[in-house]
Amino acid sequence: MTLLNAWLTSGQIPEATQHDPDRFLRWSNLSDAHAGTITITGICTVFTGLAILYLFMVLLNWIFKRTSILNGEQSAGAAAAEPVSTSAEDEPALEAASTPRTMGREPYQNGEPLPPGWSLPKDPARVALAAVSAALLATHLFDHRRLNLGEECSLKVEGKPHRVSLLSVGHVNRAMVDGEEIAFFRSRVAANDATGQAIQPARSA
Amino acid sequence: MDLVLKYINNTGFGSAFTIGHLVMLLVGCVFLYLGIRKKFEPLLLVPIGIGILLGNIPMAHGMRISIYEENSVLNILYFGIKYGVYPPLIFLGIGAMTDFSTLLSRPILVLLGAAAQVGIFITFAGALLLAFPANEAASIGIIGGADGPTAIFISSMLAPHLLGPIAIAAYSYMALVPVIQPPIMKLLTTRKERLIRMREPRDVSQRMRIIFPVAGLIISLFVAPGALPLLGMFFAGNLLKECGVTNRLAQTARTAFVDTVTILIGLTVGASTQADVFLTKQSVLIFALGAISFACATAGGVLFAKTLNLFLKDKINPLIGAAGVSAVPDSARVVQHVGREDDPDNHLLMHAMGPNVAGVIGSAIAAGVFYALFR
């Protein structure tokens, strides 16, 4: 524990840091114990820091969930908090939720109301379009091409090229794919169910 | 005639030319080829390749042109590397690009970011075993964090004479993430595990996304104050993005600002990588240790995810553990591709972004630990 004490009190380790070329395949300037201590200390520090962050995030999630319940947002909040599984037994629930609704503030699976004039697509082709947009979203955010909003590019999805451009990014993202505007939730990237039914919304004609 | 001879001697064909210059010029051309033709991280490899060419043109000393000559243009730009200025600025831009909502919706993923950092410390121990002094071993170990700015920051502080090979190794391995990670991921997981579909991340409110960078900054810097330049700027950039009232600043930070600093980092790191430092046995060892570091980091994240699944009811796809390596977002994209090989409808990209951004924090904390111990 000498090394830890030295670190905590002075911030400096006691040994010098001179390179010794004659000590090949041996610990260079640290004793075995000190090198081991540093290694373990470092790993523990990283885990401690991120574990504290983890606990804080859990607390934050709990506070916000409690707050939304206390504010009477149970029905929408629960829909937002409860994940929608893509397993087979949940397909009937998805089917009911995906009945097209074009107006009003009907809650969507995520608890987010559909924008006016938007409905849920049933066409598998639109699912593919949504997947293309999701790929574009990934490239917009992360790719070296760094596409700007509105800038068109060509993307291949499963061997088929598509003309795509990203229109807006947010909880609901919008893209123009092959001349057609579609929307999708980023958190639901191509999360279509087993029947190919899309559960992303799209603008109705 | 003397004047003509003097002039010829001052050109690249003069007495300053060595075989080392030729080799380094070829290395620069290889980097340009990988970046332009193969599109391996071109935003990094192209400026570095140009920098290598700039820094390895043979010339006589005293002309105030070389990067190591006082007050030359390259030397002035090198200030940002030498004094660790550029990496925190890069982190400001990265923070303005980062979205913590996936992490916030499933906090357990943050521990995968921690697990992947074991590669740093395993490599640190390995470098000590190979007779590198502690400060150099720490700089080499940080390559395993797969974070170029962090590697440059720590090397410039602890082992500036190794900055060139360490930076080149770090950025090279970042570009090779799609090559290095998939075999390790497939080796350590079964097909059944790779088919695990994770539940969709839930929506995260803006208020949470504002609170998190503030709290994250305070918590992580209390644990590792040495990481303040990096994590402070990282969370600052993220707050600019999430608060909603500084969109112009966030937009600038994640576009022109980070691109400008990226160019300067690439050019100056490349130019500082010269034959007498790069073409040595040490560099070969650094590259070898860097590969080990990456492999251990990938394995650490995947194995920790498998361990967590022993206790979790809602299983994690262990592939996303590999994204704990903080090569954002390449590791997450590799996870997406490997996951879709077994199940084309299993999109792991956004799930993998959780450990990916956690890994950025984890590698910066590790850097803070090394800085505190060996400065």
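Colleague: How many aromatic pairs does a search of the whole structure find?

Modeller: This is a predicted model, where local features need pLDDT of at least 70, side-chain atom pairs count only at pLDDT 80 or more, and totals for chains, interfaces and linings use all residues. The search finds 16 aromatic pairs over all chains. Rings of Phe, Tyr and Trp (its six-membered ring) pair if their centres lie within 6.5 Å.

Colleague: How is a pair of aromatic rings described?

Modeller: By the distance of the centres and the angle of the planes. Planes under 30 degrees apart are stacked, over 60 edge-to-face, and the rest tilted. Take B:Phe212 and B:Phe235: 6.2 Å centre to centre, with 75 degrees between the planes. That pair is edge-to-face.

Colleague: Are B:Phe212 and B:Phe235 buried or exposed?

Modeller: Buried means under 20% relative accessible area, exposed over 50%, partly exposed in between (1.4 Å probe, protein chains only). B:Phe212 has 0%, so it is buried. B:Phe235 is buried too, at 1%. Ring pairs also link B:Phe91, B:Phe100, B:Phe212, B:Phe234 and B:Phe235 into a cluster.

Colleague: At what angle do helix α4 and helix α16 of chain B pack?

Modeller: Helices (H or I, at least four residues) are DSSP runs, numbered from the N terminus. Axes are lines fitted to C-alpha atoms over the stretch in contact, and angles run from 0 to 180 degrees between N-to-C directions. Here, α4 (residues 73-82) and α16 (residues 247-272) of chain B pack at about 110 degrees, axes 9 Å apart. So α4(B) is roughly perpendicular to α16(B), a label for 65 to 115 degrees.

Colleague: How is numbering done?

Modeller: Residues are numbered from 1 along each chain as its sequence is written, and chains are lettered from A in the order in which they are written.

Terms used:
Side-chain values use heavy atoms; hydrogens and water are left out. Helices (H or I, at least four residues) and strands (E, at least two) are DSSP runs, numbered from the N terminus. Angles under 35 degrees count as roughly parallel, over 145 as roughly antiparallel, 65 to 115 as roughly perpendicular and the rest as oblique.
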